[in-house]
Amino acid sequence: MAGKTMPELHLGLEGIYFAESSICKVDGTKGRLYYRGYSIGELAGYSDFEEVSYLLLHGELPTRSQLIAFRRRMRAERTLPNKIIGIIEEESVRSHPMHVLLTAVAALAAYDKEADVASPRANMEKSIRLISKAGSIVAAIGRLRSGKQYVRPDARLGHAENMLYMMNGTRPSSNAARLLDLMMVLHAEHSSNASTFSTIVTGATLSDLYSAVASGIATLKGPLHGGADERALQMLRDIKRPENTERYIDEALQNKRRVMGFGHRVYKTYDPRARIIRKILLDLSLESGEVKNLAQIALRAEKLMIERLGRSKGIWPNVDFFTGPVYVHIGIIPALFTPMFAASRMPGWCAHMLEYWEHSRLIRPLEYYTGQAGRRYVPLGRR
Ligand code: SDX
């Protein structure tokens, strides 16, 4: 529009602070990550997903009695209504697991008499329900889409352990359960990432928690965000053999294709979560079979991408790059990678929503209008 000075645009809201939060600090320059002030390295080393979920929701590590009570509440909420199991069974034959997860979580509201109760107590109860049931839903999707019978949850097992039990029908090894739990801790929270932001945008209209996290799930699906993990593994499989890695990556970069699992809006150095998962991968690269092959390709791709784009453009491995081979090792299929990410991120979404509601404000940015003005309607007969 002639004459009017154009305001400064912040495309993708890059670099814009939209709220205060005490939940998570992401230091993109130093490559550090803290949940409620505790470093991700310490939480990965000493904590577990249920305890980290409590920490994110309440802001403090639980005492022994608080943790026992929280675990009991989480385990009591694992059961899924029969109708939800039916939805999963019906949808899993034709939809991507992220669509099935979105439908199932949204449908859960119908079975929660407090779905639209906006009190902090009700929202904390709903958070526990959602964190617990999201794990059961993802496991049920994995089970039912393979044509097997639904397996009921086992309250004696830990959260990740029970997910693998419900997925496979047998108790997992302690190594597999611990690995999945660690991956869930690493994916549990990450400040105002796209899916957490869309969760908050929805809740900021004073919609309910089920609707808010449904927005988060829908947003996480995209390949620029949580969907990158499935695509990164597909790339490793497309490369086939370690000796093909350099040619494949260079050809992708020459054709301006994005290499999934690399780059980040905030980290301009190594993603600390990727560092932790890389250590697991080094062990897996000594194994045999497909996992060894995938791990060796991933480590070669990492080396080349850091040479090509790391130091020059600040494009480094992110949490999604090394995740795939670890999930393959645990027996999780690629189509379930992003649903697994969603089940892990549920405590982060809920914690941010409960915090934002303490000082809620509708989120409504502006867009700079560059269209035409003052146009007169032309009747159909004269067009
Ligand atoms: C997650 O925000 C979070 O915290 C997210 C997350 C969380 O825990 O919630 O950490 C999880 O989503 C991790 C990111 C997963 N996505 C991917 O791995 C997809 C591939 N990566 C990208 O598309 C990209 O790096 C983004 C989307 C993650 C970030 O992109 P930005 O900040 O918008 O940067 P950009 O797209 O403007 O890219 C800047 C330049 C471009 O080149 P030029 O046009 O300047 O020449 O870097 C290039 C891009 O082409 N680039 C890449 C690249 N990522 C950026 N080139 C090749 N491969 C890549 N992966």
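Which residue has a polar backbone atom 2.8 Å from a nitrogen atom of the ligand? That's valine 259. Keep in mind that this is a predicted model.

- Valine 259 uses a polar backbone atom, 2.8 Å from a ligand nitrogen.
- With arginine 273 it's the side chain: one of its N or O atoms is 2.6 Å from an oxygen atom of the ligand.
- Asparagine 318 also brings in its side chain, with an N or O atom 2.9 Å from a ligand oxygen.
- On its own, the ligand has 1000 Å² of accessible area, and the protein covers 75% of that.

**The shell around the ligand**
- The ligand has 24 residues around it, and the closest are His190, Arg258, His264, Arg265 and Arg273.
- Sorted by class, the shell comes out as 9 nonpolar, 7 polar and 8 charged residues.

- Alanine 298 counts as buried because its relative accessibility is 0%, where the cut-off for buried is under 20%.
- Setting aside neighbours within four places in sequence, alanine 298 touches Leu236, Leu281, Phe321 and Phe322.
- Isoleucine 239 is 59 residues away from alanine 298 along the chain, and their C-alpha atoms are 9.8 Å apart.

Definitions and conventions:
Residues are numbered from 1 along each chain as its sequence is written. This is a predicted model: local features need pLDDT of at least 70, side-chain atom pairs count only at pLDDT 80 or more; totals for chains, interfaces and linings use all residues. Side-chain values use heavy atoms; hydrogens and water are left out. Buried means under 20% relative accessible area, exposed over 50%, partly exposed in between (1.4 Å probe, protein chains only). Contact means heavy atoms within 4.5 Å. A residue is near a molecule or strand if one of its heavy atoms lies within 4 Å of it. A polar contact is a pair of N or O atoms within 3.5 Å; within protein, one must be able to donate a hydrogen and the other to accept it, and residues adjacent in sequence count only if both atoms are side-chain atoms. Accessible areas come from the Shrake-Rupley method with a 1.4 Å probe; for residues, only the protein chains shown count as cover. Ala, Val, Leu, Ile, Met, Phe, Trp, Tyr, Cys and Pro count as nonpolar, Asp, Glu, Lys and Arg as charged, and the others, Gly among them, as polar.
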